[in-house]
Amino acid sequence: MRKTKSKIMMVITSMPILMLCAGTLSAQEEPSACVELGGLAYDNWTKVDSGGSEALPDGVVNQDYIRCKACHGWDHMGTDGGYVRRSRKETRPNAGAGDGDSTSRNISLAAREGAPVSADTIWHQGTGRAYSDGTGSWVALDETHSAANKAAHQNGYSLGNQHPDFSTGGMTQEQADCLAEFLNFEDAAPSAYFANIDPSQNPVLYTIVDTADAAAGEAFFNDTCVGCHNLQFALDYLEGDGKFSELSQKARWGIPDTAMTRANMGNPTSQNVADMLLYLQQTGGTGFAVNPGLTGTWWNGPDRDGEGFPLQVGYAGGVLTLFGFFYTYDSAGNQAWLTAVGKPVGDTVEADLFITEGRVWGDGFNPADGSTTPWGKGIFTFDSCTTGTMALSPNDDMQLVGYTDLAYDLIRFDDFVVSGIACPTPAN
């Protein structure tokens, strides 16, 4: 069984984006049939279940060039969410990275500050690109590295990422209306499931809303999902970058033209989905990751007053690294300092520990007099911004001088000084 993780609370950050027209529905309302259709159309509006004909419009070669989720992401947040590393290819657009125009990719309610989307905004009549400018705009970089080839590649790259003009055939008026209703439905927004989505972490780090109940999520998963997807499949799937965003969409609204429909899933609510996500997150150990916001002083509390861990988490050569110090005592009662250095993997750091000695105070200090001796290993695991565990294991030489294994819980000591670094550290 994998380790259980704790929840953490943060606030979603967003950039304001203005959209137009009809009112926003409240989170308390049940989704209408139109909202449900819009949820499917957001995934792929060409499918029959989504109100489409199954046929691609003239000029479309790759359907991702006309799918809403392909640019705006499963969480509506583009590169501000689960699609932070979404790149442009011949077969698909990106989610706003690298083309100089990211103003419209994050269309979440938070980014829009509640301003509603209209069907006209979705149509992009007269202002969007032609369907054929999707795959057809792609120009591969060749081996010549010529200025003309690079310019053609960049022009095609940007053109293929632009919003299509959906008024030229394909999408129906009903689909556009229902897509708008879906995007304006508060209970369909990413905030219905996530208190925070942190794209600065890789994979993207999700904090589930604090109303979620893992026990209820386990019951929902067992009652609704295991007939088609076993637990290990779900856990492996969620280890991928941005997959919590994708699952929140599919588990709530279904997948068009498949057996995974809302009816077959018992018409799940946002609470059902959030419960399930928390259960899977805790079971799979994907709920927290070491980040610079853990920088601070940690200890075991008053029972071990007089020793503790000043820890710093930062980037060394672009690689996230933990630097730590343990002020403690040797078996004879002399003060001892251990230093720790290690690279995090998820919520855990396995660090090499060293003990330094030989130098003296003041004017007599000489770096050449000192020695750095390997002490052993330390494993630091964090399940939230304020709680964790440590386990220290001395090597054979250190055991001979009286050091023994030591393990206990850690809590953050913020009574006097805080680092001022947000935890988890938000994206730049």
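The buried residues of helix H8 are Phe244, Ser245, Glu246, Leu247, Ser248, Gln249, Lys250, Ala251, Arg252 and Trp253. Here, buried means under 20% relative accessible area, exposed means over 50%, and partly exposed lies in between (1.4 Å probe, protein chains only). Helices (H or I, at least four residues) and strands (E, at least two) are DSSP runs, numbered from the N terminus. The model is predicted: local features need pLDDT of at least 70, side-chain atom pairs count only at pLDDT 80 or more, and totals for chains, interfaces and linings use all residues. Residues are numbered from 1 along each chain as its sequence is written, and side-chain values use heavy atoms, with hydrogens and water left out.

Because 10 of the 11 residues of H8 are buried, this helix is largely enclosed by the rest of the structure. Its buried residues pack against helix H1 (33-44), helix H5 (173-183), strand S1 (194-198), strand S2 (205-208), helix H7 (231-238) and H9, where contact means heavy atoms within 4.5 Å. Gly254 follows H8 and has a positive phi, near 90 degrees.

The protein chain as a whole contains 10 helices and 11 strands. Of its 428 residues, 47% are buried. The C-alpha trace spans about 80 × 60 × 35 Å along its principal axes. Among contacts between residues at least 6 apart in sequence, 64% join residues at least 24 apart.

Nonpolar cores were examined next. A nonpolar core is a set of buried Ala, Val, Leu, Ile, Met, Phe, Trp, Tyr and Cys residues joined through side-chain atoms within 4.5 Å. The largest such core has 50 residues, and those with the most contacts inside it are Phe166, Met171, Phe194, Ile208, Met276, Leu277 and Leu280. Helix H9 (residues 270-284) provides the largest share of this core, seven residues. A second, separate core consists of 28 residues, including Phe309, Leu311, Phe380 and Met390. Leaving aside residues up to four places away in sequence, Met171 touches Trp45, Ile122, Trp123, Phe166, Ala176 and Leu179.

The structure also holds two cavities of 30 Å³ or more. On a 1 Å grid over the protein atoms alone, a cavity is a set of points where a 1.4 Å probe fits but cannot get out, and lining residues have an atom within 4 Å of a point. Grid points are joined across faces, edges and corners, and a volume is the space filled by probe spheres set on the points.

The largest cavity has a volume of about 70 Å³. Its lining is formed by Trp74, Asp75, His76, Ala188, Ala189, Pro190, Tyr193, Phe194, Ser248, Gln249 and Trp253. H8 (residues 243-253) gives the most to this lining, with three residues. By class, the lining has seven nonpolar, three polar and one charged residues; Ala, Val, Leu, Ile, Met, Phe, Trp, Tyr, Cys and Pro count as nonpolar, Asp, Glu, Lys and Arg as charged, and the others, Gly among them, as polar.

The second largest cavity holds about 30 Å³ of space. Phe309, Gly324, Phe325, Phe326, Leu338, Thr339, Ala340, Leu353 and Phe380 line this cavity. At least two lining residues come from each of strand S5 (319-329) and strand S6 (335-342). The lining comprises seven nonpolar, two polar and no charged residues.

Arg86 is found in the loop between helix H2 (68-72) and helix H3 (119-123), and Asn94 is found in the loop between H2 and H3. Arg86 is buried, with a relative accessible area of 10%, and Asn94 is buried at 0%. The side chain of Arg86 makes a polar contact with that of Asp64 (3.3 Å), while the side chain of Asn94 makes one with that of Tyr157 (3.1 Å). A polar contact is a pair of N or O atoms within 3.5 Å; within protein, one must be able to donate a hydrogen and the other to accept it, and residues adjacent in sequence count only if both atoms are side-chain atoms. Beyond residues up to four places away in sequence, Arg86 touches Asn94 and others, among them Lys69, Ala70 and Arg92.

Val60 lies in the loop between H1 and H2 and counts as buried at 11% relative accessibility. Not counting residues up to four places away in sequence, Val60 touches Ile66 and Tyr131.

Note on methods
On a 1 Å grid over the protein atoms alone, a cavity is a set of points where a 1.4 Å probe fits but cannot get out, and a pocket is an open set with protein on both sides within 12 Å along at least five of seven lines; lining residues have an atom within 4 Å of a point.
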